[in-house]
Amino acid sequence: MSKKIRVVMSKLGLDGHDLGAKMVAASLKNEGMEVVYTGRHQVPDQLVSTIMQEDADVLGISILSGAHMGLMKRLMEKIRKEKIDDCLIVLGGLIPKSDQPQLKKMGVDGVFTGGSNAKDIAEFIRENLKK
Amino acid sequence: MKGSGGSDKINQIKEVGKKWAEKYNVAKSPKYYMAGGIEIKPVYTPADVKDTDFLSEIGYPGEYPFTRGPYAEMYRHRPWKFSLFSGFGSAEDTRKRWKFLWETGQKAFSVLPDLPTHMGLDSDDPLAEDEVGRVGLAIDTVRDMEILFKGLPMEEASFSCNEETLASIIVAFAIVAMENLGMDPTKLTGAISNDPLAGVHKGTTVINLEGGVRLAVDLIEYSVRNLPRYYPINLKAIDLSEGGANPIQEVAYTFSNAICYIEEGLKRGLSIDDFAPKLSIFFASNCQILEEAAKYRAARRMWAKMMRERFGANSPKSWTLKFTADANPNNMQAEEPELNLVRAACGAIASVLGGAQGTPHPCYDEVFSIPSQKSHSLALGTLQILAEEINITRTVDPLGGSYYVESLTNEIEKSVLKEMKKIEEIGGAIKAVESGYVSKEILNWFLEEQKAVETGKKVIVRKNKYRVKDAENPWDYLEIYQQDLKAADRQVKRIKDVRRMRDAQKWEKAMRNLRRAAEGSENMMPFIIEAARAEASIGEITGVLKDVFGVFQDPKMT
């Protein structure tokens, strides 16, 4: 049997609306993945040490406040600095289409906006795993 | 209804009903339930409300148990209060939108603070980077409140604010801003959330719950003595609903939270009739119009009984529940967002039929961004149509006497009491929240409902049924609010300027006194006001509270 996919699900920044994050976490569990939810109000340093500790295959981040560009920039810088290149980075939330090319450039692998289907997220994860 | 026919008559009704059900094969048809588990039957008759005594359970509006409304004639002659929220960028930006709403007929100012202000972080705090003025207004010091209030009739207009944990600080800023602008702060009108127990569901609970509840009750006690027209706590039922709760959970946990604050107030020697009239609730109305109207009728009756029977209140003002109700933003969808105008209107109709005193109203595009002026105008116009054009307020509680609505009102009351009992068994609201019980119950319900959406059992138009092929992408044509980065810079500069220019000695003394009060058992409010006068910032004041009470940690979810 193949190893279970390990997902760290998180809320980055001050936005506390975590229903979406919890919902996706539950769905990915149903899809047979192992999911750890970090809780809210995470900062980039915390998230990076959590994905290292958990040896995560996937980092899921939910941001609904619109602060994603600045927060993701600092998170991705930290991830690069720690030379983490085998963790799939997936962002969800209120992410305008116009921001998506730049997020991809920063190294974000997948972006899912409101109304996305959890099954599509699971499929994306399976198809794009880096390890 | 009791007294409206003898038991022979009821038996006859039941008998005919049984035959009717057999004739039309009703027993085999699918069953439906209200969110929270109450079955909705195919038809209701006098037999469903045979034990409901009209005078003691329903009665007249403005009379105990207030099932039909807190006032005799409710909104027959003038509309309830429209209270759309706005808040973005800096005080200057928010003022402009307030002015627009004022001129368009909303005689109340409601403000949403930004996330750093909710969390007690100054605009120049590294953790606030990217978040200043983004989803609300940045309020760092009394200076921002002065800019907001300047030239506005704050002695007459009500000022409402969404702030769960740090309400005391916001009110202190408002009091001092009014003083500085030559207005009389004892005339402050309006309401503030002040409900850290509910803030847990929105993620805005900043300090440990014991400290949070003390701070909340400090503001209540201060208002009883000094702010006769102000509602110092507007319990955030809506935070539970937005966090996924069903209507039964919403009412049950909110009432349990209310009990917690009330008991803390009583412990201080306040009499129930001193402060019960100052409590109010901020509910969320789902689109299910009749179920929600029944929810409000049940809540009002339960509140009256609780105040009179459990807490021994003597004043009718203590018995009446007054509430705000916003159409639940969770009902708003991303697919063809203009349809949210209809969903929000359904929620608002529920609020009006349920007898709300104030209605904010979600904007159809708030799924995507801070609402534009146009969408604010559509939201306010919707409420104005309901108030002025469709005559649902011409008679009070038009649903009263409906076999269905009366039966549902009774059933909701029973279900809520059952859930409240569980909270009491756990040891009260603080324990139930801290242990994660409340969050888990809500999440379980929400996930169940999500499953129903996924399987199509719960229909959401355009999302899981009646989808439009090649539908336009709202992101392509909606006007999306762009954060004004200059406003954020201006805000950061302003807080730095205040720190540099203020009287350092006065500030130090105020902060020392505040810490001493927090460490002791005095009411902290006068000390927070002193700190506001000394131009202390929300981050500095919160810093002291965090030090003394500890930082709130989310309950563990397994």
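This is a predicted model: local features need pLDDT of at least 70, side-chain atom pairs count only at pLDDT 80 or more; totals for chains, interfaces and linings use all residues.
1. Strand β10 (residues 279-285) and strand β11 (residues 322-327) of chain B pair in the parallel sense, over six bridges. Within this pairing, B:A284 stands opposite B:D326 of β11(B). As background, strands of a sheet pair through backbone hydrogen bonds, either parallel or antiparallel.

2. Next, find the open sheet of three strands in chain B, which has the order β4-β5-β6 and parallel pairing. The edges are β4 (85-86) and β6 (158-161) of chain B; each has a single partner strand, so one side of each is left without a neighbour in the sheet. Between β4(B) and strand β5 (residues 108-111) of chain B there are two bridges, and B:S86 sits opposite B:V111 in β5(B).

3. Chain A has a parallel pair to compare with these. Strand β1 (residues 6-11) of chain A is joined to strand β2 (residues 34-37) of chain A by four bridges. For A:R6, the bridge partner in β2(A) is A:E34. Five of the six residues of β1(A) are buried, so this strand is largely enclosed by the rest of the structure.

4. In soluble globular proteins, nonpolar side chains tend to be buried together. Here the largest nonpolar core has 151 residues, and B:I170, B:F173, B:A174, B:L514 and B:I528 are those with the most contacts inside it. This core draws at least three residues from each of domain 1 (7-51) and domain 2 (61-477) of chain B. Beyond its neighbours within four places in sequence, B:A174 is in contact with B:M145, B:F159 and B:L188. A second, separate core holds 41 residues, including A:Y37, A:I51, A:I63 and A:A67.

5. How far apart do the C-alpha centres of domain 1 and domain 2 of chain B lie? They are 35 Å apart. The two domains do touch: ten residues of domain 1 of chain B are in contact with 13 residues of domain 2 of chain B. On the domain 1 side, six of the touching residues are nonpolar, three polar and one charged.

6. The chains meet as well, with 25 residues of chain A in contact with 28 residues of chain B. On the chain A side, α1 (19-30) and α3 (68-81) are the elements that give two or more residues, and α1(A) provides the largest share, four residues. By class, this side has ten nonpolar, ten polar and five charged residues.

7. Finally, follow helix α16 (residues 403-426) of chain B from end to end. Its 24 residues reach 35 Å from first C-alpha to last, close to the 34 Å expected at 1.5 Å a residue. After α16(B) comes B:G427, whose phi is positive, near 115 degrees.

Definitions and conventions. Residues are numbered from 1 along each chain as its sequence is written. Chains are lettered from A and ligands numbered from 1 in the order in which they are written. Two residues are in contact if their C-beta atoms, placed from the backbone, lie within 7 Å. Ala, Val, Leu, Ile, Met, Phe, Trp, Tyr, Cys and Pro count as nonpolar, Asp, Glu, Lys and Arg as charged, and the others, Gly among them, as polar. The expected span of a helix is 1.5 Å times one less than its number of residues. Domain bounds come from an automatic or database domain assignment. A nonpolar core is a set of buried Ala, Val, Leu, Ile, Met, Phe, Trp, Tyr and Cys residues joined through C-beta atoms within 7 Å. A residue is buried if 20 or more other C-beta atoms lie within 10 Å of its own, exposed if 12 or fewer, and partly exposed in between; C-beta atoms are placed from the backbone. Two strands pair if DSSP finds at least two bridges between them.
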